[in-house]
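Subject: Handover of a structure

Dear colleague,

Please find below the structure that I am handing over to you.

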Amino acid sequence: MGSNNFQAKLLGLQSNLLNFAYILTSNRDDAYDLLQDTTLKALDNEDKYVDNVNFKGWVFTIMRNIFINNYRKVVRSATIMDQTEDLYHLNLPQDSGFETPEGSVAAKEITAAINSFSDDYRIPFSMHVAGYKYNEIAEKMNLPLGTVKSRIFFARQRLQQTLKDYR
C-alpha cells in the first residue's frame, strides 16, 4: 500500500476512531488525545502494516492497546504502598477526597463511632476495612477465625445502629 493511500485510509477513519475513543475514555479531551496518539502510532508503524490485513481492525487495535497501556500506567502511579512496620496504617494522599464539608463531618462521626468501640472490636474491624482478610486478622491477633468474623459482624451492626440517621 502506498503512503498516500495509507494516509487517506487513516484520515477516512478519524471520525470512527474518535467515537471509539470517546466510548473508551468518556471524556472529550481524553478522546482527542487518544485519537492523536493512535494516529501518530499508526503513521510511525506504517511499514509494519501488511496489505492483506483488515486496516480498520489494525488501527482500532492500536487505539485499544494505547488506552489499556495508559490505564495501567495511571493505576500503577496511583498505587500507594504502606511502609509502616506493622502494616496497620494506610498512607492516604494529601487530597482528603471529600467533595463537601458535610462529607468531612460525616467521616469524622464515623471515625469517632469506630474509635468508641473497645479494642476487641475496633482493631479487627479497622483491619478488615483496611483490606486484611479474616484469616490474616485472626493470625495477627492470635484469635480463632470465628471470633474474628463475629467481632467484625457485631462491630458493623453497632456502627449501623450508631449511624442510622444517615440513611
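The crossing of α1 and α4 is right-handed; a crossing is called right-handed if the near helix is turned clockwise from the far one by less than a right angle, and left-handed if anticlockwise. On the α1 side the contact is made by F6, K9 and L10, and on the α4 side by F55, W58 and V59, where contact means heavy atoms within 4.5 Å. Sorted by class, these residues comprise 5 nonpolar, no polar and 1 charged. Nonpolar covers Ala, Val, Leu, Ile, Met, Phe, Trp, Tyr, Cys and Pro, charged covers Asp, Glu, Lys and Arg, and polar covers the others, Gly among them.

Helix α1 spans residues 3–12, and its axis lies 11 Å from that of α4, at an angle of about 65°. That makes α1 roughly perpendicular to α4. Here the axes are lines fitted to C-alpha atoms, for helices over the stretch in contact, and the angles run from 0 to 180 degrees between N-to-C directions. Angles of 65 to 115 degrees count as roughly perpendicular, under 35 as roughly parallel, over 145 as roughly antiparallel and the rest as oblique.

**Basis of the values**

The model is predicted: local features need pLDDT of at least 70 and side-chain atom pairs count only at pLDDT 80 or more, while totals for chains, interfaces and linings use all residues. Residues are numbered from 1 along each chain as its sequence is written, and side-chain values use heavy atoms, with hydrogens and water left out.

**The chain as a whole**

The secondary structure comes to 8 helices and 0 strands. Both kinds of element are DSSP runs numbered from the N terminus, helices being H or I with at least four residues and strands E with at least two. Of the 167 residues of the chain, 24% count as buried; buried means under 20% relative accessible area, exposed over 50% and partly exposed in between, with a 1.4 Å probe and protein chains only. Among contacts between residues at least 6 apart in sequence, 57% join residues at least 24 apart.

K9, which is found in helix α1, counts as partly exposed because its relative accessibility is 37%. K9 and F55 are 46 residues apart in sequence, and their C-alpha atoms are 8.1 Å apart in space.

How many aromatic pairs does the count come to? The count comes to 9 aromatic pairs. Rings of Phe, Tyr and Trp (its six-membered ring) pair if their centres lie within 6.5 Å; planes under 30 degrees apart count as stacked, over 60 as edge-to-face and the rest as tilted. One of the pairs is formed by F55 and W58, which is tilted, with 6.1 Å from centre to centre and 35° between the planes. F55 and W58 both lie in helix α4 (residues 55–78), 3 residues apart, about one turn of the helix, and both are buried. Ring pairs link F6, Y49, F55 and W58 into a cluster.

E46 is placed in the loop between α3 and α4. Not counting residues up to four places away in sequence, E46 touches G2, S3 and F6. The C-alpha atoms of E46 and G2 are 9.7 Å apart, although 44 residues separate E46 and G2 in sequence.

**Helices α2 and α3**

Helix α2 (residues 14–25) and helix α3 (residues 28–44) pack at an angle of about 130°, with their axes 8 Å apart. α2 and α3 are therefore oblique to each other. Their crossing is right-handed. By class, the contact of α2 with α3 has 9 nonpolar, 3 polar and 2 charged residues.

T39, in helix α3, is buried because its relative accessible area is 16%. T39 touches L10 and Q14, not counting residues up to four places away in sequence. T39 and L10 are 29 residues apart along the chain, with 7.5 Å between their C-alpha atoms.

**Two residues with positive phi**

Most residues other than glycine have a negative phi. S26, which is not a glycine, has a positive phi of about 60°. S26 is found in the loop between α2 and α3 and counts as exposed, at 57% relative accessibility. N142 has a positive phi near 55° and is likewise a residue other than glycine. N142 is found in the loop between α7 (134–141) and α8 (145–162), and N142 is exposed, with a relative accessible area of 68%.
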